[in-house]
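Biologist: Please take a close look at a single part of this model. Which part would you pick, and what lies around it?

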Amino acid sequence: MGKLSSQDKTRIIAKIEAMIDNLQGDVKKLTNFFPQYRLRVGNYRVLFDIEDNTLIIYRVKHRQNAYN
């Protein structure tokens with residue numbers, strides 16, 4: 001598995017921080033999949049869930065491998 005570039009890391013962290021208040025951004029609720037939500041950041045997907053007002057991030061992967 002390759003590592004993220006510092007530019008990609010910065011973009012992903014910024015999108016996650018922007019999402020904290022009200023899930024703004026390119027967020028979609030997934031059907032029949034766990035975790036229940038995904039955030040799209042360019043070619044990367046942040047797969048997460050929400051439990052008791054806490055955002056739990058399970059994985060950050062390239063879009064080709066995110067749902068495997």
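Modeller: A residue is called buried when its relative accessible area is under 20%, exposed when that value is over 50%, and partly exposed in between, using a 1.4 Å probe and protein chains only. The model is predicted, so local features need pLDDT of at least 70 and side-chain atom pairs count only at pLDDT 80 or more, while totals for chains, interfaces and linings use all residues. Residues are numbered from 1 along each chain as its sequence is written, and side-chain values use heavy atoms, with hydrogens and water left out.

The part to look at is strand β2, residues 37–41. Helices (H or I, at least four residues) and strands (E, at least two) are DSSP runs, numbered from the N terminus. Strand β2 is mostly covered, with four of its five residues buried.

First, its place in the sheet. Two strands pair if DSSP finds at least two bridges between them. Four strands form an open sheet in the order β1-β2-β3-β4, with antiparallel pairing. At the edges are β1 (27–29) and β4 (54–62), each of which pairs on one side only. On average, neighbouring strands of this sheet are turned by 25° against each other, direction ignored. Such angles are taken between N-to-C directions and run from 0 to 180 degrees; the axes are lines fitted to C-alpha atoms, for helices over the stretch in contact.

On one side of β2, three bridges pair it with β1 in the antiparallel sense, and K28 stands opposite R38. Between β2 and β3 (residues 44–51), which run antiparallel, there are five bridges. Here R40 stands opposite R45 in β3. Helix α1 (residues 6–19) packs on the sheet and touches β1, β2, β3 and β4; its direction makes about 135° with that of β2. Contact here means heavy atoms within 4.5 Å. The hairpin of β2 and β3 has two residues between the strands, and G42 takes a positive phi near 60° there.

Next, the side chains. In a regular strand, side chains alternate between the two faces of the sheet. A nonpolar core is a set of buried Ala, Val, Leu, Ile, Met, Phe, Trp, Tyr and Cys residues joined through side-chain atoms within 4.5 Å. The largest one has nine residues: I12, I16, M19, Y37, L39, V41, Y44, V46 and F48. At least two residues of this core come from each of α1, β2 and β3. In soluble globular proteins, nonpolar side chains tend to be buried together.

A salt bridge is a side-chain nitrogen of Lys or Arg within 4 Å of a carboxyl oxygen of Asp or Glu. By this rule there are three salt bridges. D26 forms one with R38, the closest N and O atoms being 3.3 Å apart. This pair links distant parts of the chain, with D26 in the loop between α1 and β1 and R38 in strand β2, 12 residues apart. R38 is buried, at 9% relative accessible area, whereas D26 is partly exposed, at 28%. The side chain of R40 also meets that of D26 in a salt bridge, 2.5 Å from N to O. R40 lies in strand β2 and D26 in the loop between α1 and β1, so this pair ties together parts that are 14 residues apart in sequence. R40 counts as partly exposed, at 40% relative accessibility. Salt bridges that share partners join D26, R38 and R40 into one network.

A further salt bridge, between the side chains of R11 and D8 (3.9 Å, N to O), belongs to helix α1, where the two residues are three apart and separated by about one helical turn. R11 is partly exposed at 39%, and D8 is buried at 18%.

D49, in strand β3, is buried yet has no salt bridge; the nearest side chain of opposite charge, K29, is 7.4 Å away. For that comparison Lys and Arg count as positive and Asp and Glu as negative, while His and the chain ends are not counted. Y37 is among the residues D49 touches, not counting those up to four places away in sequence.
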